[in-house]
Amino acid sequence: MRFTVLASGSKGNTTLIQTQGSKYLIDAGLSAKKTIEVLLEQKTTIDEISGIFITHEHGDHVSGIRVLCDRYGVPIYIHEKTYAALKRNHRPTKMERVFFIESGRHQVGPFEVEAFPLSHDVAYMLGYSFHLAEKKLVYVTDSGYVNQQLHEKLSNADAYIFETNHDPEMVRMSGYPFSVQQRILSDRGHLSNEDSAMTLAKLIGPKTQHVILAHLSAENNTPELAKLTVEQVFQRMEVAETFQITIAKQTKSLPTYQL
Ligand SMILES: [Zn+2]
Ligand SMILES: [Zn+2]
């Protein structure tokens with residue numbers, strides 16, 4: 001399988017996953033117009049997209065889905081509670097194109113897709129892992145922490161797209177209202193650089209080729225700080241760095257990686 005992080009951050013998230021003849025997105029947090037544009041840069045038209053897997057109802061993950069589903073007929077895979085929580089302007093109405101998805105394993109096209117619950121201040125929060133021909137890609141963003149019970153399931157993936165949202169000190173110095181700071185830092189907020197690295201250090205295995213640091217806060221993080229913190233934790237926890245660490249960007253697609 002191949003994957004391309006097309007956009008990542010609090011202004012919109014979308015990632016393309018593909019194999020011979022099948023293309024899917026995880027989240028569509030850019031406008032439909034912008035999604036179509038960034039896909040074209042990947043030589044992909046919107047009618048080639050076989051489905052969009054939705055993680056949760058926040059705008060930076062769903063902004064494009066109503067138009068992409070209702071106007072362009074792209075199927076949407078979404079938890080029923082997430083669908084119910086969508087604002088009207090984000091809610092697709094072509095119900096024959098909306099598929100409710102639960103935690104657990106599902107065969108979708110050529111992929112075995114596992115949806116699993118994460119911890120965020122929403123109606124329901126899903127992470128995903130994609131499995132194909134012994135390869136595994138894990139996608140985790142927007143989670144205050146990653147439950148220990150998931151660790152085995154998520155271990156030794158070929159690639160991780162993993163949130164390193166913020167530096168806690170930068171959040172405290174940010175001038176954000178206290179309630180907002182508490183929300184970001186809570187168990188139902190976002191993974192900090194350090195927490196993300198500690199979790200990744202436990203998950204990474206001999207098969208791991210790529211670690212993509214994702215969903216960086218524009219205000220409370222920098223790419224350099226995220227990378228440095230992760231590398232320091234990996235060193236401290238004696239993780240052999242046999243993989244590539246890449247920072248996902250808000251306004252530019254990453255290269256396509258083949259697993
Ligand atoms: Zn988000
Ligand atoms: Zn969110």
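## Basis of the description

Residues are numbered from 1 along each chain as its sequence is written, and chains are lettered from A and ligands numbered from 1 in the order in which they are written. Because the model is predicted, local features need pLDDT of at least 70 and side-chain atom pairs count only at pLDDT 80 or more, whereas totals for chains, interfaces and linings use all residues.

## Overall fold

The protein chain contains 9 helices and 14 strands, where helices (H or I, at least four residues) and strands (E, at least two) are DSSP runs numbered from the N terminus. Its C-alpha atoms fill a box of roughly 50 × 45 × 35 Å along the principal axes.

Buried residues make up 46% of the 259 residues; a residue is buried if 20 or more other C-beta atoms, placed from the backbone, lie within 10 Å of its own, exposed if 12 or fewer, and partly exposed in between. Of the contacts with a separation of 6 or more, 65% join residues 24 or more positions apart, a contact being two C-beta atoms, placed from the backbone, within 7 Å.

## Strand β10 and its partners

Strand β10 (residues 135-140) has 5 of its 6 residues buried, so the strand is largely enclosed by the rest of the structure. It pairs with β9 (residues 126-132) in the antiparallel sense over 5 bridges, pairing requiring at least two bridges found by DSSP, and H131 stands opposite K136 in β10. The two strands form a hairpin with 2 residues between them, and A133 in the turn has a positive phi of about 45 degrees.

With β11 (residues 159-163), β10 pairs in the parallel sense over 4 bridges, and here V138 stands opposite Y160 in β11.

## Helix α9

Helix α9 (residues 223-236) has buried residues A226, T229, V230 and F234. Seen down the helix axis, these buried residues fall within an arc of 130 degrees, so they line one face of α9; the arc is that of the directions from the axis to the C-beta atoms.

The cover over this buried set includes α8 (193-203), β12 (210-214) and β13 (244-247), while E224, L228, Q235 and R236 are exposed on the other side of α9. Just after the helix, E238 takes a positive phi of about 55 degrees.
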